[in-house]
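Reader: I would like to learn how to read a structure like this one. Please take it feature by feature.

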Amino acid sequence: MKRPAGHIACELRRFWRDQRGAAMLEYALVLPLFLLIFFALVDFGRYGSDFVMTQKAMERGARVAVVRPPACAGVPATHTRPAQQPGGTAPSRFGTPCRLGGVCANPGTISCGLDLSDGTASEIWDRIRNVVPNTVRPEDVTISYAFDERLGFLGGPYVPLVTLELTGASFDFVTPLAGLAALAVPGNQTGSELGGRVAFPNMSVTLPAEDLAVGSAG
C-alpha cells in the first residue's frame, strides 16, 4: 500500500528537523582535524627546538676546534715566508704582521671530515653527539682551516679561520605534515614513511683560531 505523497513529505520534513546524533556527527568530523592541528603544533615545536640545539652544538664544536691542535693533516704550525717575495723585495723580518700583504705564505684552505682517531676530532664529536639529531654521523661534519692574512704574524703560530660545517642533519616528523615544512627548503623531503623526513639547511660556524704565542722567534 502506497503512502500518500503528503505523508511522505511530512516524514521527510520531520527527518530533516531531527537533531538526534548531530553532535556525534560533528564530533566525528572535527576530532581528526583537531588532532592533526594539535600534533602539528607539537611537531613544529620539536622541529624548532632541534634546529636551535643543532646550531648550538655546532657553535660548541667550533669553540673546541679553535683551541685544539688541527684535526686535518697539512695545516702548518707557524706562519712562514712565501716561496717568492712580491716584486723581488727583501724577505720580511719575523714578527711582521701578515696583514701587510705578501708577508706570510698562503697554504690555502685545508678541509677534512671528523676522523675519530684524531684527538681533536674525537673531542669535537664528543661535545656535539648528544645534542645533534641521531641521524647525524661523524662523516657529516667537515672542518676547514682557511688562511686569512689579517691574522697572525711571520714566524708566529698559524692562525687560520676555522669553520665547522654540518651537512647531514634532518628531522623526522610524526604527523604527515613534512611536506609543509619541506616547502621552506624545496627538494629536501625524503622517505615515504608516516610524517617523512626533512633535512635541515647546512649549518656552519666560523671562528678565528686562538693565537697562544707559541711561534718561533727567528
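Predicted model: local features only at pLDDT ≥ 70, side-chain atom pairs only at ≥ 80, totals over all residues.

Reader: How should I read a sheet, and in what order do the strands of the open sheet come?

Author: In general, the strands of a sheet pair through backbone hydrogen bonds, in parallel or antiparallel fashion. Here 4 strands make an open sheet in the order β1-β2-β3-β7, with antiparallel pairing. The edges are β1 (110-113) and β7, each with a single partner strand, so one side of each has no neighbour in the sheet. On average, neighbouring strands of this sheet are turned by 15° against each other, direction ignored.

Reader: How many bridges join β2 to β3?

Author: The antiparallel strands β2 and β3 are joined by 6 bridges. One place to look is Val141, whose bridge partner in β3 is Leu166.

Reader: Next, the cysteines. How many disulfides are there, and what pattern do they follow?

Author: A disulfide is a covalent bond between the sulfur atoms of two cysteines. The count here is 2 disulfides. With bonded cysteines counted along the chain, the pattern is 1-4, 2-3.

Reader: Which parts of the chain does the pair of Cys72 and Cys112 link?

Author: Cys72 and Cys112 form a disulfide with sulfur atoms 2.0 Å apart. The pair links distant parts of the chain: Cys72 lies in the loop between α2 and β1, Cys112 lies in strand β1, and they are 40 residues apart. The torsion about their S-S bond is about -85°, so this disulfide is left-handed. Cys72 has 7% relative accessibility and counts as buried.

Reader: And the link of Cys98 and Cys104: left-handed or right-handed?

Author: The link of Cys98 and Cys104 is left-handed, with -80° about the S-S bond. The S to S distance is 1.9 Å. Cys98 and Cys104 are both buried.

Reader: Let me try a polar residue. Is Ser144 buried or exposed, and what does its side chain make a polar contact with?

Author: Start with the location: Ser144 is in strand β2. The cut-off for buried is under 20% relative accessible area. Ser144 has 14%, so it is buried. Its side chain makes a polar contact with the side chain of Ser111, at 2.7 Å. Beyond neighbours within four places in sequence, Ser144 is in contact with residues including Thr109, Ile110, Leu161 and Val162.

Reader: Last, the largest nonpolar core. Which residues touch the most other members?

Author: This core has 39 residues, and those touching the most other members are Ile124, Ile143, Tyr145, Val162 and Leu164. Two or more residues each come from α2 (22-66), α3 (119-128), β2 (141-146), β3 (161-166) and β7 (203-208). The most come from α2, which gives 7 residues.

Reader: What is Ile143 in contact with, leaving aside its neighbours within four places in sequence?

Author: The contacts of Ile143 include Ala65, Ala71, Ile110, Ile124, Val162 and Leu164. Cys72 and Cys112 are also among them, and these two cysteines form one of the disulfides discussed above.

Definitions and conventions:
Residues numbered from 1 in each chain as written. Heavy atoms only, no water. Core = buried A, V, L, I, M, F, W, Y, C linked by side-chain atoms within 4.5 Å. Buried < 20%, exposed > 50% of the residue type's maximum accessible area, 1.4 Å probe, protein only. Contact = heavy atoms within 4.5 Å. Pairing = 2+ DSSP bridges. Axes fitted to C-alpha atoms, helices over the stretch in contact; angles between N-to-C directions. Disulfide = S-S within 2.5 Å. Polar contact = N/O pair within 3.5 Å; in protein donor to acceptor, adjacent residues only side chain to side chain.
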